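I opened this notebook to record what I looked up in the structure, going from the overall fold to single side chains.

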Amino acid sequence: EYVVCIRSHLDQAEPGMKLRMPQGSAHDLFRKLSGPPADEERFLYDLVHATFKDAVGYVEGLSKAEVDAHMAYIDRHAVVSWPEGAAMITGNAAAAAAEEADRRFSEVQGLLDALQSRVPGLHPPQREHVLEVLTGVRRELFDL
């Protein structure tokens, strides 16, 4: 999650095509492991940093301090936990996203209802086609 968020920020700050080695020098970190990491938090920290490095150092104009700052920002705005090695965002960020999705679905439902209220005034062939399309849209959106 850290890497995705940081890369997203970098892409927004400097749009355009980039040639990246997505794993950076993380593969070197993995080669050094002889078993599960003793300190998982430290391993995660090192892994994120290694992802933004190559043989010369940090890439895309980043520094250790900047990667640390990005990670601290992400920690402040979402609780990141690592059950079974998978990242899950919980807490305020998840609740806000769920509320926003509910608001948008309600908005779309209202728009579909408004469109459907106009259908009776259409000529029969158009009415059937519009009803068919609206039914398909509702099915696609709300039967996920």
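Entry 1, fold. I read the order of elements along the sequence first, and the chain follows the pattern α-α-α-α-β-β-α-α, which comes to 6 helices and 2 strands. I note at the outset that this is a predicted model, and I read every value below as computed from that model.

I looked up burial and found that, of the 144 residues of the chain, 19% count as buried. The accessible surface of the chain comes to about 10,500 Å², and carbon and sulfur atoms account for 58% of that surface. For the contacts with a separation of 6 or more, I found that 49% join residues 24 or more positions apart.

I then turned to helix α3, which spans residues 40-51 and contains H49. Is H49 buried or exposed? I count H49 as buried because its relative accessibility is 5%, and the cut-off for that class is under 20%. Setting aside the neighbours within four places in sequence, I found H49 in contact with Y58, K64, V67, D68 and M71.

Entry 4, K64 and D68. Two of the residues that H49 touches, K64 and D68, also pair with each other in a salt bridge, with the closest N and O atoms 3.1 Å apart. Both partners lie in helix α4 (residues 64-77), 4 residues apart, which is about one turn of the helix. I noted D68 as partly exposed, with a relative accessible area of 23%, and K64 likewise as partly exposed, at 44%.

R42 counts as partly exposed at 45% relative accessibility, and D46 is partly exposed with a relative accessible area of 25%.

In helix α2 (residues 26-32), R31 and D28 are 3 residues apart, so about one helical turn separates them; their side chains meet in a salt bridge at 2.4 Å, N to O. I recorded R31 as exposed, with a relative accessible area of 60%, whereas D28 is partly exposed at 33%.

Definitions and conventions: Residues are numbered from 1 along each chain as its sequence is written. This is a predicted model: local features need pLDDT of at least 70, side-chain atom pairs count only at pLDDT 80 or more; totals for chains, interfaces and linings use all residues. Side-chain values use heavy atoms; hydrogens and water are left out. Buried means under 20% relative accessible area, exposed over 50%, partly exposed in between (1.4 Å probe, protein chains only). Contact means heavy atoms within 4.5 Å. Accessible areas come from the Shrake-Rupley method with a 1.4 Å probe; for residues, only the protein chains shown count as cover.
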